[in-house]
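Student: Could we go through this model together, one piece at a time?

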Amino acid sequence: MGTSSDESESADASSQPDLETSVFEYRDLDDIREEIQETYLADDRPWVIGYSGGKDSTTTLQLIWYAIDDLQESKQDKPIYVISSDTLVETPKIVNHITSTLDNINEYAEDEDLPFEAHKVYPDVSDSFFVNLIGRGYPAPNQTFRWCTERLKIDPADNFIMDKVSEHGEVVVILGARKAESATREQVMNLHSIEGSNLSRHSKFANAFVFTPIEDWTVDDVWDYLLQVDCPWGKDNRDLAALYQEADDECPMVIDTSTPSCGNSRFGCWTCTVVQEDKAMENMVDAGDDWLEPLLQFRDLLKSTQDPNDKPKYREVKGRRHGYVREKDNGSDGIIPRAYKLEFRKHLLRKLLETEKEVNDRRGDDEGYLQLIRDEELKEIRRIWREEEADWEDSVPQIYHDVKDDDLDWVQNDLGSFSAEEAAVLEEVCAEHDIPPKLMKRLLDIELRHHGMKRRASIYNKIDKVFRENWRSIEEITANIEGEEPERWEYDLEYEDLQQ
Ligand code: SF4
């Protein structure tokens, strides 16, 4: 590291250095600092730096900090927002590292009168991991159905960027992305570059630009820099290196879906099932953090639901949106598994609350209480179950009370819904008449919600939608797939009657 500017000038600027060549063979830190300063001063677009707590974004932020600090005070006039996405299921040790770093950044920036301002960004309650997994029954994410990244990371960062765009007109987003990370990454970075500019186009927003000051750095360059240049906001980069000791990857700040999965690292979510095993968390448990063990067990429970042989046990056969059943179209027999069954979601909620209890028992009071699921998420799950799953038993408050021996300030019967007693009666009646109880519950819920309304036109569409769902039993559906047409329900006739 630290070749002279003469050496860098002698390098052939037209030749493309290979991705494994150290950046310091043809540039030095002064040169990089000047490039950052020149880019900062080139316009009045504010900067938004994506900070993940990992080595690449720390390097980027540190380079920028020194470059801006080196400018005359009168020129440090553009705000620099440092944003970090907290998925609310971050590995607890990493959350602490990120939170204390952001606090330090704000404190040091204020003391030194620098234009940095650090913020955490969070997913909306209805987009959170547990509201989707337990509330809506989205199956634990995997490589082909990685629904989490967009909801937990990309959208919150995008919202922040769009806020700043509406405030300032345009922004520059700074990322610690490196071409050497992956071929896809390199391709995407080259695709959006703007000739003759240090900036490239943002892949989604016309009013946002991207600056990637360490795009040509190798992983060794990053570590050489971090271990030789002190952190300017009072942290020790050796602590960061220690976090990496047993994990060789990080979860970068994600702005698009080409960013690699962050599952196999200390910087991903503790619930991540995109990878086979969570080696990083296993290593932390082995190293003595045994309070993390219940988290690992919960993650392993989620992972086990991905075993193809066990999917029928956990998953519905009807789609959530339209209630249709679809056969696999890959030539193999069988039905496409859909959302987790409500009974299994209830089990997951109970397990999660028990996990929270056990983790906190093991941690002890000094460490502070670790909340795995927030009250707003529990309330949103309750709403979804009651509105979409006809959960007349109102299971969320019950499960919460069973595990915690306590209650939240639940709104009582806000939907004017039916109760567990009525559910029991209905179950009996439906059993006598061989009708799916859930069908009757859904119809009665629709009626209840339209009760007293003057215009009832929309009720027919809703009833129609419910009838269009597949209400056959799994045996009937399977028989149908094998070629035997099951008896038809007589709902169509009843529905025609309703419409007249
Ligand atoms: S770490 Fe895993 S669970 Fe979290 S957003 Fe990334 S892929 Fe999804």
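**A strand and its neighbours**

Tutor: Strand 2, helix 4 (residues 92-111) and strand 3 form a right-handed β-α-β unit. Right-handed means that, with the strands pointing away from the viewer, the path from the first strand over the helix to the second runs clockwise. Helices (H or I, at least four residues) and strands (E, at least two) are DSSP runs, numbered from the N terminus. Keep in mind that this is a predicted model: local features need pLDDT of at least 70, side-chain atom pairs count only at pLDDT 80 or more, and totals for chains, interfaces and linings use all residues. Residues are numbered from 1 along each chain as its sequence is written.

Student: Which residue in strand 3 stands opposite Val-82?

Tutor: Strand 2 and strand 3 (residues 116-121) run parallel, with 6 bridges between them. For pairing, DSSP has to find at least two bridges between two strands. Opposite Val-82 you'll find Ala-118.

Student: How many residues of strand 2 are buried?

Tutor: Buried means 20 or more other C-beta atoms within 10 Å of a residue's own, exposed means 12 or fewer, and partly exposed is in between, with C-beta atoms placed from the backbone. One side has Ile-80, Val-82 and Ser-84, the other Tyr-81, Ile-83 and Ser-85, and all are buried. For strand 2 (residues 80-85), the count is 6 of 6.
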